[in-house]
Amino acid sequence: MMTEEKYNFVKFYERSFREHWDQEAVTDYGTDKTLTYGELAITIAKLHILFEECGIKKNDKIAVMGKNNTNWVAVYLATVTYGAIIVPILQDFRANDAIHIINHSESKLLFISDINWEGIELDQIPHVLATISLNDWHPITLKLNPKKINYDAINDLFKKKYPDGYWAKDVHYDERSNEEIASINYTSGTTGFSKGVITPLNALAGNVRYGLESGIACSGSRFVTFLPLAHAYGCAFDFLSCLAAGGHTWLIGRTPSPKILLKAFAEIKPTVILSVPLILEKIYKKMIVPQIQKPPVSWVLKVPFLDEMVCSRIREQLVQAFGGEFSQMIIGGAPLNPEVEAFLHRIKFPVSVGYGMTECAPLICYTPITEGPRMYSCGRPLEGIMEVKILNPNSEGIGEVVVRGENTMLGYYKNPEATKDSFTKDGWLRTGDLGMLDEDGFLYIKGRCKTMLLGPSGQNIYPEEIEAKINNMPYVLESLVLQQEDNRLVALICPDYNEVDASGLTKEQIAEIIEDSRKQVNSELAAYEQIALVKLYPHEFEKTPKKSIKRFLYTSMV
C-alpha cells in the first residue's frame, strides 16, 4: 500500500490544480470549449456543493454515463475528491444493461448524456435521487426540491461560500486514504453477467504514479482521448495521468474512425498516443499495405540497404499521419497482430505494447520505448508496483498468468463467489490469460484460458494466433476460429466489403480468394491447427468496449 503523501491519489489533483491553475486542462474536440485547471477546479467545487445539497455522504455511489467530454471528467474528479464512489458506465451499453448497473451499484446520483437517458425511465432506477444531464448540467429528473439543485441555486451557494472568488489557494480536498474505494467498474454490458470491479484509490494511484515516473505523462503533454474514459485503459492514462502531470487532453466523443482520428492527430500533434490494436491495424492496412504490395516497393524491400531507404520513407509517412511529434504509441487492451508488429519494428516506428486488465486499473506490464523492442512481448511487470508469475506451466513454460501488487482490485461488488474464484489461496489474482515469462522477465501472452482449444492428440491450440494470420490475408476484415463437435477448426470470416466493392468482386470471386487464403494460412500451421472450413460472415462481429470480439456469441454457429 502506497502510504506516502506524494502517492496519495486525491493529493495528485490537489497539487496539480494549484500548480497548473492557468494552464489548459481539457478540451471537447471539435468545439470551442476548453477548461483551464482553474476552471475545472471551480466546476468541481460547484459539484461538491451539488452533492451536499443532494445529501450525498462518503462512500455513496455516483454513476456517470455518456461520451467523453469535459463534464464527464469533472464528475469523475468531483466524486473521488468528495469521498464518494464513482460508477462509470460505458456509453455503448444498452439501456437495460445500464439500469442493471445503476441498481446493482445502488447509485444515488446519475449524470447521463441526453441520448443515453432516452431508453431509461425513472421508476426503473429507484435508488437514484436525481438525474443530471452531462450535456449542460440541467436536472432531468428529481426526487429532491428542484429549487435547491438547479444551476442558479448552486451558483448562488458557490458565491456565498467563496465571496472573494475561488483560487488556487482554495483547492483543498479532505484526506482520503488510498485504502478507500475509488470506483466500481463493470466489466461487461451483459445483464446478469457483469461484474463490478471494486477499485481502491491505491490501484489508481499505482497507475498514475507509473504514468508520471515513466514519463508517459508530464507537464505540457498533449493527449488525444478517443478511448472511452469509462474503460480503465483510457481513464488511467489519457485522463488521470495526464491531468496529474499538468498535461492537456482533447476529448473525442464521436466514434473514433481512422478518418476522424487522423484529422485530430494532425491538428493537435499529441506527444504520446494510446490506442487499441484495432485502430492501428486498420490504419496499417489502409495506408501501408497498399504501398508495400506494389511491385517496385515489394522488390526493393527484399534488397539489403535499399530496403532501409523505403522503410525510412514509410516510417516518416506514418509518423506524420499521427501528428509528427509523439514520442511513442502505446498499444493495450488486446494483442497486436504479430505481422503488423514485426513490420512496425522493421521500419523503427516508435510503438510499445502494454498489458493489463480492468481488475488492475489496468496496467500490469509495460516496457518503455527507450529500452528497445522485445518482439511480441507485452513488457515486464511494473517495477515496485506489480508482480507476475506463471501458474502450473507446461513443458513450454506456458500457464495461467497470475499477478499481485499495488494495482490489484479489492474484489467484485456483491459477488463473494466470483471474488474467491479470482484469487489463488495465497492471494494472486487470476488473469484468465495464458502466457510465459522469458529469462529477462518479459511476459508473452498466448491467449485466453477459456478460448484455448485442444487438438486431436491433446495439443494446445491458440485461436488468436491463427486469427492473426487470417486477418492479414487479402479482403479479410476480421475472423474467428472456432471448433466443431468433431474437433475440426472452422474460421468465421467477415470480408472487408469496402475493399471487395472497390475491386468489383462478385460473391463467388471473394469466396474463391478467401478459400485460397485458407490454404495459404494452413501451409504456415501445424497439422493439428489446420482450418478445415471457412464460413463468410455478413458484418463485423460484436465487440467489447476494448474492441475484443465477444466470442461466446458465435460458438453455436459452427
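A search of the whole structure finds 30 salt bridges, each a side-chain nitrogen of Lys or Arg within 4 Å of a carboxyl oxygen of Asp or Glu. The structure is a predicted model, where local features need pLDDT of at least 70 and side-chain atom pairs count only at pLDDT 80 or more, while totals for chains, interfaces and linings use all residues. Residues are numbered from 1 along each chain as its sequence is written, and side-chain values use heavy atoms, with hydrogens and water left out.

**Stop 1: salt bridges**

Select Arg-94 and Glu-542. They form a salt bridge, with the closest N and O atoms 3.5 Å apart. Arg-94 sits in the loop between strand S4 (85–89) and helix H4 (95–105), and Glu-542 in the segment after S25, so the pair ties together parts that are 448 residues apart in sequence. Helices (H or I, at least four residues) and strands (E, at least two) are DSSP runs, numbered from the N terminus. Glu-542 is partly exposed, at 29% relative accessibility. Here buried means under 20% relative accessible area, exposed over 50%, and partly exposed in between (1.4 Å probe, protein chains only).

Next, select Glu-267 and Lys-263. Their closest N and O atoms are 2.7 Å apart in a salt bridge. Both residues belong to helix H10 (residues 258–268), 4 residues apart, about one turn of the helix. Glu-267 is partly exposed at 47% relative accessible area.

Now take Arg-488 and Asp-486. Their side chains meet in a salt bridge at 3.2 Å, N to O. Arg-488 is partly exposed at 43%, and Asp-486 is partly exposed at 46%. Then select Lys-11, Glu-14, Arg-18 and Glu-175: salt bridges that share partners join them into one network.

**Stop 2: the sheet with S1 and S11**

Show strands S2, S1, S11 and S10. They form an open sheet of 4 strands in that order, with mixed pairing. Two strands pair if DSSP finds at least two bridges between them. The edge strands, each pairing on one side only, are S2 (34–36) and S10 (222–225). Neighbouring strands are turned by 15 degrees against each other on average, direction ignored. Axes are lines fitted to C-alpha atoms, for helices over the stretch in contact, and angles run from 0 to 180 degrees between N-to-C directions.

Zoom in on S1 (residues 24–28). 3 bridges join S1 to S2, and the two run antiparallel. Val-26 stands opposite Leu-35 in S2.

H2 (residues 37–53) lies across S1 and S2, at about 90 degrees to S2. H3 (residues 70–82) lies across S1, S2 and S11 (248–251), at about 130 degrees to S1.

Which residues touch Thr-249, leaving aside its neighbours within four places in sequence? Ala-25, Val-26, Thr-27, Phe-223, Thr-225, Asp-238 and Cys-242 are in contact with Thr-249 (heavy atoms within 4.5 Å). Thr-249 lies in S11 and is buried, with a relative accessible area of 1%.

**Stop 3**

Select S6 (residues 130–133). Ala-130 and Ile-132 point one way, Thr-131 and Ser-133 the other way, and all are buried. S5 (residues 107–112) pairs with S6 in the parallel sense over 4 bridges. Phe-111 has Ile-132 in S6 as its bridge partner.

S7 (residues 139–142) joins S6 through 3 bridges and runs antiparallel to S6. Ile-132 stands opposite Pro-139 in S7. S6 and S7 form a hairpin with 5 residues between them, and Trp-137 in the turn has a positive phi of about 70 degrees.

**Stop 4: S12 and S13**

Is S12 (residues 272–275) covered on one face or both? Both faces are covered: Val-272 and Leu-274 on one side and Ile-273 and Ser-275 on the other are all buried. S13 (residues 328–331) runs parallel to S12, joined by 4 bridges. Ser-275 has Ile-331 in S13 as its bridge partner.

**Stop 5: the sheet with S24**

Select S23, S24 and S25. These 3 strands form an open sheet in that order, with mixed pairing. Its edge strands are S23 (476–483) and S25 (531–536). The twist averages 25 degrees from one strand to the next. Helix H18 (residues 507–522) packs on the sheet, touching S24 and S25, and its direction makes about 150 degrees with that of S25.
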